[in-house]
Amino acid sequence: RFSRRTFLRAVSGTAAGLSFGSHHWLGSLSFAQTAGRPKRPAVVRAAFIYPPTASLRKVGYYSWPGSTFDAEGRQRQYTLRLKAIERKLGMQILIEPQALDESESVTRFINQIKANPPDGLFLVPFKKGHFPHVTRIIEETGIPTVVLATLGVLLVGHVREIHRKPGVYMINSLDNLDAVEQGMSMIRAASLMKQSCILNIARAAGADRVVPHLGTKVRTVANTGFIEKFQQTMATAEVKKLAAAYRDNATRVIQPGEEDILDAARACIALRRVVEAEKADAVMMDCLPGLKHPHQHVPPCMGFMSLRDAGIPAGCESDLDATLTMMLYQYLFDRPGFQHNPTVETEKNHYFCAHCTSASRMDGPDSKPEPYVLMNHAEAGWGCVPRVLFTPGRQVTIAKYLSSRSGSETPQMLVYSGELVGCPAIPPTGGCRTNAETTINELDDVADLKGHHLVMAYGEHAKSLRRFCRLFGIEAIV
C-alpha cells in the first residue's frame, strides 16, 4: 500500500529520484509522500481466447488469423509486455495461464469474475471464430473491458459490434500494446478516483458524501479551521523561505508588497497543513467570501499554484466537477489543470479563459515551471496571486466532468481541444490574472462552447478522455 503521491511517483518509475528543485515550496518530501490515504493497486483480469494450434492442425483449416500465426508465441510476447505495464503502472494484471477455448472454460472465467469482480478486464482474441466468447464475457460480467485484436484476426463487423459500445475500449491494431497501456491507465485512474478523498473547505461543515458514478469521497469542513491555521502561522523560517521563492522566481512583481507575498506564503503553509491533517488527495475551497470585508484570510491562490505543481488537485470556489476533472487529469496524464472562467474572442473566433491561479508546472511535477508574474487578486484588488504565462503553440485539452447529482442520470464530460495562441496582456485586457487565448477544434463558432469553470491542460488528451468516458459509462459531449 502506498500513499497517493508516492504511488503516482512509483508507478511512473521515478520513486527513487523524487526532486522538486531547491526552490520548490515543499522544501522536503514529507507532505508529498503522506498526503492522501493508502491506495490498493487496481486489479485487471486478463485472458487470451483461442484454440490450441495443435487442434487446428488436426482439423487442417485455420481461418483467420491463418496457418502462419503463432498464437502461443504471441501470447508469450504479449505477456512479457503486460508484466512491464503492470510494473510501470503499479497495478495487478492477473493473466489466465491457459487460453480460453471451449465454452466451459469461458463459463468458469465468467463465474470467477462475478464472484470476485476486478477493476477491469483485458481480453485478447486470436481467432475470428472465438469472437462470440469475447462478447459473451463483456455482456455477462458488465466489467469495463479493454479488447486487443491484432490486425488480421477480426473482420470489420466484429470490430463495429463493440467499437462504440459503452464499457469497452476496442483496439484493432497491429500488436499495439501502447494502446493497451493507455487502457490499463484508464482502469487504474478509475480505481484511484474511487479510493480518493476531496477536502471541501466551505463556510460550514457538512456530512461526508460520495460522488455518484466515480465513487470519490467528499469531506466538507468549515473554513474556520483554515482561518485559524492561517492566523496561527507566523513568519517562520519556512514561511520566509517560501515567500522568497515566490518573489525570486517571479519574472516581475507588480502590485504585491513584501507583506502581501509573506501572507501568501503563510496561507500556503496553512493550506498544506489542513490538507495533510485530513489526509486528502485533493482540496477545493469556497475562497471568495474570505476576500471580502472584513478580510478573514488572504487569497489562497499562491497555495493553489503550489499544490497543483506538486500533483495535488486544488479547486477554486468549491467547484466539485472542476476538482474532479483536475483529479482525472492527474491520474490519467500526470498533468495539472487550469480551472477558469470562459468567454470568447468573437472576431478571431478564439476561446478566452482566465482565473487568478494556475499550476506553473503544466507538464507535471518534475517539469520546468512556466514563468509567472506576481499581481494582486483581480476582483478583490489586494493580496498576491500568480499570473502564469503559458507557452504559445502548445496543444491543449479543455474539459469538465459534469456529475450526475442524483446518480440516476448518465454523467457527462465536456471535451474540447485546441492550440494555445497566447496570454493577452493585463492591462489592457480585463478579467482574472492568469489567462489564455486558444483555438477550439470541435466548434465552428466558439461561442457555442458550453460550461463554466472548465479545466485546461497541456497536451492532446481529448481522444483519450473520450475513450475513458466510453469505457466508464460517461457521455462525452461538446
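The report below takes up helix packing, then cysteines, then backbone geometry.

This is a predicted model, in which local features need pLDDT of at least 70 and side-chain atom pairs count only at pLDDT 80 or more, while totals for chains, interfaces and linings use all residues. Residues are numbered from 1 along each chain as its sequence is written, and side-chain values use heavy atoms, with hydrogens and water left out.

**Helix packing**

Two packed helices are described by the angle between their axes and the distance between the axes. The axes are lines fitted to C-alpha atoms, for helices over the stretch in contact, and the angles run from 0 to 180 degrees between N-to-C directions. Helices (H or I, at least four residues) and strands (E, at least two) are DSSP runs numbered from the N terminus.

Helix α8, residues 177–195, and helix α14, residues 462–471, have axes that come within 10 Å and cross at roughly 60 degrees. That makes α8 oblique to α14, given that angles under 35 degrees count as roughly parallel, over 145 as roughly antiparallel, 65 to 115 as roughly perpendicular and the rest as oblique. The crossing of α8 past α14 is right-handed, a term used if the near helix is turned clockwise from the far one by less than a right angle, with left-handed used if anticlockwise. On the α8 side the contact (heavy atoms within 4.5 Å) is made by Q182, G183, M186, I187, A189 and A190, and on the α14 side by S464, R467, F468 and L471. By class, this contact of α8 with α14 has six nonpolar, three polar and one charged residues, where Ala, Val, Leu, Ile, Met, Phe, Trp, Tyr, Cys and Pro count as nonpolar, Asp, Glu, Lys and Arg as charged, and the others, Gly among them, as polar.

Helix α10, residues 237–249, packs with helix α11, residues 258–278, at an angle of about 120 degrees, and their axes are 8 Å apart. The two helices α10 and α11 are therefore oblique to each other, and α10 passes α11 in a right-handed crossing. From α10, the residues E238, V239, K240, L242, A243, Y246 and R247 meet residues of α11 that include I261, L262, A265, I269 and R272. The contact of α10 with α11 has, by class, ten nonpolar, no polar and seven charged residues.

**Cysteines**

The structure holds zero disulfides, a disulfide being a pair of cysteine sulfur atoms within 2.5 Å.

**Backbone geometry**

Which peptide bonds are cis, from I426 to P427 and from P427 to P428? The bond from I426 to P427 is cis, with omega near -20 degrees, and the bond from P427 to P428 is cis as well, with omega near 15 degrees. P427 lies in the loop between β17 (412–422) and β18 (434–438), and P428 is likewise found in the loop between β17 and β18.

H213, a residue other than glycine, has a positive phi near 75 degrees; H213 is in the loop between β7 (209–210) and β8 (217–222) and counts as partly exposed at 43% relative accessibility. E317, not a glycine either, has a positive phi of about 55 degrees. E317 is found in the loop between β11 (314–316) and α13 (320–333), and at 29% relative accessibility E317 counts as partly exposed.

How values were computed:
Buried means under 20% relative accessible area, exposed over 50%, partly exposed in between (1.4 Å probe, protein chains only).
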